[in-house]
Amino acid sequence: MPQISFATNKRQFHIELNDRVKEYFKNTNQSQRGNTKLFFKAFFIYAVVIATYVALVFFQPWPLWVNLLLLTVFGTFLAFIGFNVMHDSCHGAFSNNSRVNDIFGYSMNFLGAECRFWKVKHNVLHHTYTNVDGVDDDIFKPPFLRMSPHQAYNRLHKYQSWYMLFLYGISTLFWVFFMDFTKYFTDKVYTTDLPKKTMKDHMSFWLTKLYYVGVYMVIPIIMVGFTKFLIGYLFFNFVMGNVMSVVFQLAHVVEGTTYADASETGVLKIEEDWAVYQLQTTYDFCPDNKFLTWALGGLNFQVEHHLFPKVSHVHYPEIRKIVKETARKYNVPHNEFNSFGEAVASHFRMMHSLGKREPVMAEVRS
Ligand SMILES: [Zn+2]
């Protein structure tokens with residue numbers, strides 16, 4: 001893995017921000033982790049997923065429109081498990097009890113992928129080295145997608161803003177059947193070595209894959225037949241992959257974010273404090289939209305999430321006010337899109353621009 005360092009002489013913003021957030025939790029007498037509302041939300045989302053699965057697999061035939069509706073709800077709510085339960089749990093933010101976090105972290109395995117790999121990919125690489133080429137696996141999708149101006153250009157990229165939704169739509173399949181296996185057999189996430197596998201890790205990986213094939217494929221094939229299964233399986237994965245990918249990409253691959261490169265030299269000195277760098281690479285979107293704030297598990301508050309990943313997403317609307325005030329005081333950017341449409345359009349334009357040999361980069365505020 002490349003050696004990356006952040007400036008250490010500009011920490012005042014970060015120190016004051018940490019102090020103010022700590023003070024907020026002390027004054028309001030709240031835990032930084034999830035609350036009862038979050039547990040009920042997790043229960044509700046799991047209930048919807050199980051109910052739609054049962055309806056789709058065991059109560060056929062339904063009219064076509066009902067099947068499409070059920071599959072859309074199933075795919076969307078699987079993504080909601082990722083956003084609301086798995087993400088908080090894998091960060092240790094779901095509950096005060098670390099065992100509860102570990103158990104709910106297996107929500108990733110419930111979706112078919114290995115949580116151990118995701119914790120390294122996301123918590124360590126993506127969160128520490130956001131948008132850094134050579135480390136952040138989230139923006140490394142060669143040869144089809146170019147998600148940073150530092151990555152090699154090829155002629156396909158010219159069309160990437162047209163075909164990216166198709167690739168997002170198959171991303172969950174790619175994850176379950178290819179990326180997880182690559183990580184398992186190479187013991188690496190992109191350029192970073194994974195810790196040595198224990199017997200428990202081997203068991204977790206293979207049991208997850210066995211469970212996935214059984215529950216998501218074999219049982220539906222037995223109950224509804226192969227053709228119906230295949231159409232339904234591809235359809236809900238398409239929905240799930242797009243919901244997940246678009247929501248994650250809106251935070252970092254939009255106009256005005258910054259990109260660093262450690263892929264060539266293997267050494268990188270970032271001339272900003274880590275917290276300031278997070279603000280330069282990250283956007284919030286629709287902070288006032290109640291439904292998205294509920295459904296996306298705080299992923300529309302990615303600025304706050306990147307600064308305080310161990311704080312549960314239920315607190316981000318309040319934390320945002322503190323971050324904005326402190327950022328203003330230190331003249332540091334706090335980037336956000338007011339509407340979902342604005343954020344999606346910016347992602348499309350950014351991908352279109354990155355599809356050119358010489359991308360036109362919007363000015364990065366600093
Ligand atoms: Zn995260």
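Colleague: Is Asn29 buried or exposed?

Modeller: Asn29 is exposed. This is a predicted model, and in it 6 other C-beta atoms lie within 10 Å of Asn29. The cut-off for exposed is 12 or fewer.

Colleague: Where is Asn29 in the chain?

Modeller: Asn29 sits in the loop between helix 1 and helix 2.

Colleague: What about phi of Asn29?

Modeller: Phi is near 55 degrees there. That is a positive value, and Asn29 is a residue other than glycine.

Colleague: What is phi of Asp187?

Modeller: Phi of Asp187 is near 55 degrees, again in a residue other than glycine. Asp187 belongs to the loop between helix 8 (171-186) and strand 3 (188-189). Asp187 is exposed, with 12 other C-beta atoms within 10 Å.

Colleague: Let's zoom out. How many helices and strands does the protein have?

Modeller: It has 15 helices and 8 strands. The radius of gyration is 21 Å, close to the 21 Å from the globule rule for 366 residues, so the protein is as compact as a globular protein of that length.

Colleague: What does the C-alpha trace span?

Modeller: About 60 × 55 × 45 Å along the principal axes.

Colleague: And what share of the residues counts as buried?

Modeller: Of the 366 residues, 42% are buried. As for contacts with a separation of 6 or more, 73% join residues 24 or more positions apart.

Colleague: On to helix packing. How do helix 3 and helix 10 cross?

Modeller: The axes of helix 3 (residues 64-90) and helix 10 come within 8 Å and cross at roughly 40 degrees. That makes helix 3 oblique to helix 10. The crossing is right-handed.

Colleague: Which residues make that contact?

Modeller: From helix 3, they include Leu71, Phe74, Leu78 and Phe83. From helix 10, Phe235, Phe236, Val239 and Met240 are among them. By class, the contact has 12 nonpolar, 7 polar and no charged residues.

Colleague: How does helix 10 cross helix 15?

Modeller: Helix 10 (residues 226-252) and helix 15 (residues 340-354) have axes that come within 9 Å and cross at roughly 80 degrees. So helix 10 is roughly perpendicular to helix 15.

Colleague: Which residues meet there?

Modeller: Val246, Gln249 and Leu250 of helix 10 meet Ala343, Val344 and His347 of helix 15. The residues of this contact divide into 4 nonpolar, 2 polar and no charged.

Colleague: New topic. Is Asp136 buried or exposed?

Modeller: Asp136 is buried, with 25 other C-beta atoms within 10 Å. The cut-off for buried is 20 or more. Asp136 lies in the loop between strand 2 (132-133) and helix 7 (160-169).

Colleague: What does Asp136 touch?

Modeller: Leaving out residues up to four places away in sequence, Asp136 touches Leu125, His126, Tyr129, Thr130 and Asn131. The C-alpha atoms of Asp136 and Thr192 are separated by 9.7 Å, and these residues are 56 apart along the chain.

Colleague: And how far is Glu23 from Phe59?

Modeller: Their C-alpha atoms are separated by 53 Å, with the residues 36 apart along the chain. Glu23 lies in helix 1 (residues 12-28). Glu23 is exposed, with 11 other C-beta atoms within 10 Å.

Notes: Residues numbered from 1 in each chain as written. Predicted model: local features only at pLDDT ≥ 70, side-chain atom pairs only at ≥ 80, totals over all residues. Helix = DSSP H or I, 4+ residues; strand = E, 2+ residues; numbered from the N terminus. Rg over C-alpha atoms; globule rule 2.2 N^0.38 Å. Contact = placed C-beta atoms within 7 Å. Axes fitted to C-alpha atoms, helices over the stretch in contact; angles between N-to-C directions. Parallel < 35°, antiparallel > 145°, perpendicular 65-115°, else oblique. Nonpolar A, V, L, I, M, F, W, Y, C, P; charged D, E, K, R; others polar. Left-handed = near helix turned anticlockwise from the far one by under 90°.
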